[in-house]
Amino acid sequence: MNQVWRVIIVGSQPTSMLGTKLILEEQQDLLVEGMTSSDSEGLRMVGDLLPDLVLLDYHLSEHTSEAVLEQMKQLSPKTHVVIMTDNDGLPLLQSLISRGASGLLSKQASTFQLIHMITGLREGVASLPLDWVRQGIWPLTASAMNEGGLQLSETEAFIMERIVQGITYDKIAMEIQVSRRSIDNYLRKIYVKLGVSTRAQAIEKYALYTRQGRQIYA
């Protein structure tokens, strides 16, 4: 039997969240430990519970889902976050995946599609709708680079600017009011986006793009 995954649902509609909870808990290996309509409360839950999975509504009342997603991944890097959206998620895919999302799913998805996505994540496999695949959405990182952009978030770009200036990681953490460990998490994501493995390589590549005036932000 699979290890029980602990789940948090952060949504805009209590009735819909309850329905999702009942669907998930029909599976013996899924346990919903919290539900909330407040993204601030959702962040608190993630920090306290370090869940295996968060189902996060794309439309939030207090902050953008992109900002909340990034904060959740800082609080619990190993937590999978699946974005639930009312609209076609394809235009959002690259931006959200680059910020740490493990997948996107329509709120109109079937029970099978939801459970199938979660089952895949257990095995390290991401699921995508077939029509997205047919539209040629891959490879995400390469397409971003081919378009001339580094696809960094505003916070990631700020961190790189300060690193280029020679500012220490501890001071950067104080400036953006996060932990020193969060800076390490940011750097891991930045290195992946830049296609590098060292600080020196990241500085060189970032400096090259900024000197050429090429796109930085996602």
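**View 1. Ile23 sits in helix 1.** This is a predicted model, where local features need pLDDT of at least 70, side-chain atom pairs count only at pLDDT 80 or more, and totals for chains, interfaces and linings use all residues. Residues are numbered from 1 along each chain as its sequence is written, and side-chain values use heavy atoms, with hydrogens and water left out. Helices are DSSP runs of H or I with at least four residues, strands are E runs with at least two, and both are numbered from the N terminus. (Buried means under 20%, exposed over 50%, and partly exposed in between, using a 1.4 Å probe and protein chains only.) Ile23 touches Thr111 and Leu114, leaving aside residues up to four places away in sequence. A contact here means heavy atoms within 4.5 Å. Ile23 and Phe112 are 89 residues apart in sequence, yet their C-alpha atoms are 10.0 Å apart in space.

**View 2. Helix 1 packs against helix 5.** Two packed helices are described by the angle between their axes and the distance between the axes. Helix 1 covers residues 14-24 and helix 5 covers residues 111-122. Their angle is about 65 degrees, and their axes are 11 Å apart. (Axes are lines fitted to C-alpha atoms, for helices over the stretch in contact; angles run from 0 to 180 degrees between N-to-C directions.) The crossing of helix 1 and helix 5 is right-handed. (Right-handed means that the near helix is turned clockwise from the far one by less than a right angle; left-handed means anticlockwise.) Helix 1 brings Thr20, Ile23 and Leu24 to the contact, and helix 5 brings Thr111, Leu114, Ile115 and Ile118. Five of these residues are nonpolar, two are polar and none is charged. (Ala, Val, Leu, Ile, Met, Phe, Trp, Tyr, Cys and Pro count as nonpolar; Asp, Glu, Lys and Arg as charged; the others, Gly among them, as polar.)

**View 3. Helix 3 crosses helix 10.** The two axes come within 9 Å and cross at roughly 115 degrees. This crossing is right-handed. Which residues make the contact? Helix 3 supplies Glu70, Lys73 and Gln74, while helix 10 supplies Ser182, Asn185, Tyr186 and Lys189. By class, one is nonpolar, three are polar and three are charged.

**View 4. Ser65 lies in helix 3 (residues 65-75).** Ser65 counts as buried because its relative accessibility is 1%. A polar atom of the Ser65 side chain lies 3.3 Å from the backbone oxygen of Tyr58. The side chains of Ser65 and Glu66 are joined by a polar contact of 3.5 Å. (A polar contact is a pair of N or O atoms within 3.5 Å; within protein, one must be able to donate a hydrogen and the other to accept it, and residues adjacent in sequence count only if both atoms are side-chain atoms.) Not counting residues up to four places away in sequence, Ser65 touches Leu56, Asp57, Tyr58 and Leu60.

**View 5. Leu50 has a positive phi of about 45 degrees.** Most residues other than glycine have a negative phi. Leu50 is not a glycine. Leu50 lies in the loop between helix 2 (39-49) and strand 3 (53-57). With 43% relative accessibility, Leu50 is partly exposed.

**View 6. Gln177 has a positive phi of about 60 degrees.** Gln177 is not a glycine either. Its loop runs between helix 9 (169-175) and helix 10 (180-194). Gln177 is exposed, because its relative accessible area is 75%.
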